[in-house]
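Here's a walk through a structure you can turn around on your screen as you read. We'll go from local details to the way the chains meet.

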Amino acid sequence: MTAILEIRGITKQFGGLSALAGVDFTVGEGELVGLVGPNGAGKSTLFNIIAGAFPPTAGAVLLKGRDITRLASHDRARHGIARTFQQVTLFGELTARDNVLQGLHRHVASRFLAGLVGTPGYRGEQRELVARAERVLDLLGIGEHRDELVSEQPLGIQKLLTVAVALATEPTVLLLDEPGAGLSHEESTRMMDLVATVIRRRCTIVLVEHNMRIVSRYCDRAIVLHFGQKIYDGEPAGLTADRRVVDAYLGVAELA
Amino acid sequence: MKAAGFGVLLLALVTLPPLAEPYMLHVAIVVLMNVVYAEALYVIMRMGYLSFGHAGYIAVGAYTSALLATKLDVSVWLGFLAGGAVAALLAWLLGAITLKLRGIYFSLSVFAFAEVVNAVFRAFDFFGGPAGIAGVPRPMFFGTRLNTHLGFYYVVLAAAVFSLVFLYRLAATRFGFTLLALRTRDTEGLAESVGIDAARYKTLAFVASCFFCGLMGAIHGHYLRFVSPFVFTFFFSTDLVIFNMVGGLGSFWGPLAGSVLLTTLGEQLFAAGYYKSLVYAVVLLVVILALPGGLIQVPRLREVWAARRLRWARQPVATTER
Amino acid sequence: MEVYLPLLAQGLAIGVLTGILYVLVALGLTLIYGILHIVNFAHGEIYMLGAMAVLYLHVVAGLALVPTLVVIVALALLLGLCIERGIFRVLRGQWLQLVVASVGVSLVIQSIGWIAFGIQEKSVPSYLPGIVDLFGIRLPRERLLAAGVAVVLVAALYWLVYRTRVGLAMRAIEEDEETARMLGVNANRVASLSVALGFVLAAVAGAFVAPIYSLNPGMGLEPILMSFLIIIVGGLGSITGTVLAGLLVGVLQSVGAILFGSEAAYGLVFVVMIAVLVVRPAGLLGRV
Amino acid sequence: MTGSRRFLVPFAVVALSVILGLPPSAHAQKPVKMGAIVPVSGPAAAFGLGVQRGMEFAAEDVGVFTVAGEKYKVEVVTYDTVYDPGKTVAAMNRAVYNDGVKYGVIIGAGVHPPILPIIRETGFLDLAFAAAGRQITNGENPTVFRIMASSDQLYQTHLQPIIERLNVKRVATLGPNDELGKNDAKVVKTQVEAMKAKGVQFVAEEYYERGAKDFGPALLRLIAHKPDFIETDGSPTGSIALIAKQARELGFTGYFLNSTAVLEAKAISDIAGKAGDNIIALRIWAKAPTQLYAQLADRHQKKYGEAAPGTMWEAYAATKWVVDVIQKTGTFDTKKVADALAQSTYPEHPFGPASWGGEKTYGAKRQIILPIPAAILKDGKWEPFDVRTGKFD
């Protein structure tokens, strides 16, 4: 299996606090990796560093062997990294279809001037993009909401929409930040079923999750962070047997 | 139907003026200039940026062209373009610094820039000092100087149509659609994550906005045949914001409606003194409170009111947009 | 011109005293920003109304100064509550609309002011006439009084924010509104209260600055623009930042004028503001 | 079809505006419209109101008059310029092109440059109430008359005598940071430098933003040069009072000179108290020079309940004077009226006999020549200081 995403010695310090201390791991093509850890373990920080929201203090991020540590986050998106945010973030004043259309940004080929003049090529491309956006919505089973304002949707639909926007970029690696958080059990299951089926057929996925049951059930591999350090990397099934993991989670309800 | 409406309007704007009184032409000229200013400001307002300093860029355009014409005898037509270009260049430089800021930080830094521009024009004799520059010539057209209202009206009309078509397409096409993704700090982060180079788009939008302000500002100076630091003040900037808000930010037609209505209303209140600013302010407040989306929402009044009912109750106390 | 020490010392004194006046005006703006995150353009007009109230109640109607101040505080509270309820609350969550609505309120009050109070320049006689001569540095008593009031108000505001239950609620809302609400803090009441208190601060500032300058309905514009610069430089919502930035701007203006001329000093203040924003976008003591 | 309906809104708006904008229906009488193209709002409103009211008094007093057998009546129309060049152009366009106004008083040196082309093109007879000098009255603008003392005239007539009489040695200027302040500082400097032989020096100049209330920094820098005489140019009542107050606070004990026509003694002493003493004001009459002057002052006090702004009398006189000339020449043709006006004299001016001069200095005989007073503030009251009718060719 070829390594598609490599994390090499990522360290991040905020002021004097060390959020991540030399984290290494690789993700292979087509894998679905769960990034686990209690609150404050550094999962989201690591996500932000991979997506380019801020730079690491030390270390490197490689995508298909190419060092992307210094790229701005929009450049990384162009190279094939997409993400969702822990807090639901959408273009609230736009419809569902328009949200996905924004996600299709990197596939726009028309030049600025072509748009300004409104050439037939530009118009054709716009029609094609709209159709493509609708296909993404249909894929996630939320096609019927395409004309509705996203700010007026229930949380379950909004969560699916955040995934749709990210998926529209057609990423190589998709970073999902707790896609099931805040959802009811049925919604959460629907989301994870989609992730494990239609979505993972299209890209490699790194999933931040602190619900271990979800990780065990859906992921190929689990990586556990604790106080900014990697304490486990392997089969999800081995999680409950690992002493360090159990210690880290001791007394935390999710393990149960 | 839309295209036909445009055709009729444009035809009227081209063919009727020879029949109009000079005063009507003056009003038309001022309305057209204000429409372009308001629409230029709209480019950045629809990505959530509020500027209390656009008059600074208008002034830069006006001064550039006036100086070129009076000191170097450069053709006025070239001066118009130079006015836009210099304003755009300054916008690019300032934008690189200030577009990182959002909300009121941006508004006030642009305001501060406009004050500095004003202070510079006043301080140096090269710019005419506080007296400004008088005797700014009108352009030549096939050997005649366009000193009549009619002649100059067509110059303004041509520039306005060019600017408005450009600005309309800018808003209506992919570029304008992308700007919508940058409305708040959060959505900006999301936009970046799907590959939108936010800084580049914001800079381009700001530069375009200021280019058309500079272009029209240059024309403005040649219309007045005079430029002075006391024409393009803070109040001028505020008026442009008011045009946008009264008309509505929901569509391209909002700022247009706002500037046409308020400019012509202002002409009617020529002797009203303080009642004029009172009327402006009351109109502004009534529209903002009753129709937060501006006059452009009048046809959808019932829907808007229904949606508006319990709006604030769900909102947090702090209106964050930074 | 040789710049000699006594001149600089006097310049510094003037700068500090003027700076404190700026702080006095900007304080209420900071308070409102801290909670509601809006800059209230109508602040300058409340300041104007405070000054006018002193003129009509104290000078014209002959009411003693202390009852006058009590009435002013009451009126400002009332006006603050009305505007918060009638305008700010209705527009909650709509940043652009809020800012521009406050511009509208400012224009309405100002226009009505011109119509009602007339265009004649007015004045309020000094509460404390005379000059204090301190080693050759001349300090007008009325400015010292206003500075004293400013110091008291800053202290009172600190006390309110850091030592009282109301202040605790304010800080909770500032820190994390959602959690504060869940813990039972009445956010609406805190919002009303901070706007009302902000208005009171503006009106009291107007009342004490009135005898130093002359009065007209447009008198709010200059101090409000200056206050914006100050709260931006100091960091929006930070009381300490406001105090620091107010003094900085005051001193910059007066010492700048001595060194480079008053015209250059005017531009200098704006250049410094842009520079601060570039280096520290949140202002000297602000948090983003 | 929300799209197209939304699209219709601007058109409805335009239509509405056009309907609202229809010119008012013609009056039954034959009015001669005279424009008061002046600020009636903004910081210079006091000047504008004085002019407007003076013109209205004149219109009442002129009543019905006959030109070429037809009866006419003066109708004063006010156009608010807010002392803003852009808005003045708008006002002028409306007055000239929409309302057919051919005569009027226009206030402001700063707002004149953009309307001079319109005046030249239409032959509008402008009774300019504007300081400064040659930029406004000159050979190119034959229909522009300045109905107040120009800056050149004012300082040429009064400055040197005042300096000698008060035995002043070190002169400084503190003016608004606009064309007027800068221009007048130049004129003062020239006059003072001509007195070098007598030991008089020009020591410093400073400027302030119009509308500023704190002059501390500028004054500090100025007073460091130890002047005994500060010329404050056209600073309005509020500014001069605050300048005096703040200068005295910094230890200044000398004199101030001001050239604004609109200065209220009571307002100054209310703001500045004793510090206002020793302000010398050019163009302020401490004692009514003529009966007409006193009558007009009373009339204003009765009608408006306040002291008349200093611009009222000159606007009154100019309006009556022009109507006089129109009657005599028997035409409304402004070019002909202008020529006749320049040759006429007007003994009934409330300030004293008036005529036109300035041919040599400005290249056009369009500058009013009339007695110019100076008054000094003592204990909150104006006291007569001097009256001079300078020669001004």
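## A hairpin in chain C

In chain C, β1(C) and β2(C) make a hairpin with 2 residues between them, and F135(C) in the turn shows a positive phi of about 50°. Keep in mind that this is a predicted model. The two strands, β1 at residues 131-134 and β2 at residues 137-140 of chain C, pair in the antiparallel sense over 4 bridges. If you want a spot to check, look for V132(C), which sits opposite L139(C) in β2(C).

## The sheet in chain A

Chain A has an open sheet of 6 strands, and reading across you get the order β6-β7-β8-β3-β9-β10, with mixed pairing. Its edge strands are β6 (81-83) and β10 (229-234) of chain A, each of which pairs on one side only. On average, neighbouring strands of this sheet are turned by 20° against each other, ignoring direction.

Inside that order, β3 (residues 32-36) and β9 (residues 221-226) of chain A pair in the parallel sense, with 4 bridges. Here V33(A) has R221(A) in β9(A) as its bridge partner. Helix α1 of chain A, residues 43-51, lies across β3, β6, β7 (173-177), β8 (204-208) and β9 of chain A, and it runs at about 150° to β7(A).

T11(A) stands opposite A58(A) in β4(A).

Which strand makes a hairpin with β4(A)? That's β5(A), with 2 residues between the two strands, and K64(A) in the turn has a positive phi of about 50°. β4(A) and β5 (residues 66-67) of chain A run antiparallel and are joined by 2 bridges. L63(A) faces R66(A) in β5(A) across this pairing.

## Two crossing helices

Staying in chain A, the axes of α3 (residues 96-103) and α5 (residues 120-139) of chain A come within 9 Å and cross at roughly 110°. The two helices, α3(A) and α5(A), are therefore roughly perpendicular to each other. On the α3(A) side, the contact uses A96(A), R97(A), V100(A) and L101(A). From α5(A) come L129(A), V130(A), A133(A), E134(A), V136(A) and L137(A). By class, the residues of this contact between α3(A) and α5(A) are 8 nonpolar, no polar and 2 charged.

## A covered helix in chain D

Over in chain D, is α11(D) mostly covered or mostly uncovered? It's mostly covered, with 14 of its 18 residues buried. This helix, residues 312-329 of chain D, reaches 26 Å from its first C-alpha to its last, close to the 26 Å expected at 1.5 Å a residue.

## How the chains meet

Of the 4 pairs of chains in contact, chains B and C share the most contacts. There, 38 residues of chain B are in contact with 46 residues of chain C. The elements giving two or more residues to the chain B side are α5 (103-123), α10 (234-247) and α12 (274-290) of chain B. The largest share, 11 residues, is from α5(B). That side of chain B has 27 nonpolar, 7 polar and 4 charged residues.

Some chains don't meet. No contact joins chain A and chain C, and their closest C-alpha atoms lie 12 Å apart. Chain A and chain D don't touch either, with their nearest C-alpha atoms 15 Å apart.

Technical notes: Residues are numbered from 1 along each chain as its sequence is written. Chains are lettered from A and ligands numbered from 1 in the order in which they are written. This is a predicted model: local features need pLDDT of at least 70, side-chain atom pairs count only at pLDDT 80 or more; totals for chains, interfaces and linings use all residues. Two residues are in contact if their C-beta atoms, placed from the backbone, lie within 7 Å. Ala, Val, Leu, Ile, Met, Phe, Trp, Tyr, Cys and Pro count as nonpolar, Asp, Glu, Lys and Arg as charged, and the others, Gly among them, as polar. Two strands pair if DSSP finds at least two bridges between them. Axes are lines fitted to C-alpha atoms, for helices over the stretch in contact, and angles run from 0 to 180 degrees between N-to-C directions. Angles under 35 degrees count as roughly parallel, over 145 as roughly antiparallel, 65 to 115 as roughly perpendicular and the rest as oblique. The expected span of a helix is 1.5 Å times one less than its number of residues. A residue is buried if 20 or more other C-beta atoms lie within 10 Å of its own, exposed if 12 or fewer, and partly exposed in between; C-beta atoms are placed from the backbone.
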